[in-house]
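The following note comments on selected features of the model under review.

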Amino acid sequence: NKDIPPYVMVGREPIQYSGVNSIGLRRRGFNNEQIRAVQDAYRIIYQSGLTVTKAVEKIYNDMPSSNERDEILLFIKDSPRGIVKGYFE
């Protein structure tokens, strides 16, 4: 019942975040730096122990602006149902 953020894979039951789809990103022409930035953002969201709200704030303040970062943050901001939980939660 939650939204699946961009660039990620989900699995398990109930559906949970299971990692960044780096293979799909490579196929779409993303370079290593872009993929690493996406992975860093999702590490903050899913592995830092912060709430999603605090994680979004940290990403906004600490990570340089990029199309990928901004797409992730906008998706989370506009998600009426919230995003899927991580397997670490």
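1. In this predicted model, helix α2, spanning residues 32–47, packs with its axis within 8 Å of that of helix α3, residues 52–62. The two axes cross at roughly 150°. Because angles over 145 degrees count as roughly antiparallel, α2 is described as roughly antiparallel to α3.

2. The crossing of α2 past α3 is right-handed. On the α2 side, the contact is made by Ala41, Ile44 and Ile45; on the α3 side, Ala55, Lys58 and Ile59 take part. By residue class, this contact comprises 5 nonpolar residues, no polar ones and 1 charged residue.

3. The peptide bond between Glu13 and Pro14 is cis, with omega about 0°. Pro14 belongs to the loop that links β1 (8–11) to β2 (16–20).

4. Arg12 also requires comment: its phi is positive, at about 70°, although the residue is not a glycine. Arg12 is located in the loop between β1 and β2. Its relative accessibility is 55%; since exposed means over 50%, Arg12 counts as exposed.

5. Tyr7, a residue other than glycine, likewise has a positive phi, near 75°. Tyr7 is situated in the segment before β1. Is this residue, Tyr7, buried or exposed? Its relative accessibility is 11%, and because buried means under 20%, Tyr7 counts as buried.

Technical notes: Residues are numbered from 1 along each chain as its sequence is written. This is a predicted model: local features need pLDDT of at least 70, side-chain atom pairs count only at pLDDT 80 or more; totals for chains, interfaces and linings use all residues. Side-chain values use heavy atoms; hydrogens and water are left out. Axes are lines fitted to C-alpha atoms, for helices over the stretch in contact, and angles run from 0 to 180 degrees between N-to-C directions. Helices (H or I, at least four residues) and strands (E, at least two) are DSSP runs, numbered from the N terminus. Angles under 35 degrees count as roughly parallel, over 145 as roughly antiparallel, 65 to 115 as roughly perpendicular and the rest as oblique. A crossing is left-handed if the near helix is turned anticlockwise from the far one by less than a right angle, and right-handed if clockwise. Contact means heavy atoms within 4.5 Å. Ala, Val, Leu, Ile, Met, Phe, Trp, Tyr, Cys and Pro count as nonpolar, Asp, Glu, Lys and Arg as charged, and the others, Gly among them, as polar. Buried means under 20% relative accessible area, exposed over 50%, partly exposed in between (1.4 Å probe, protein chains only).
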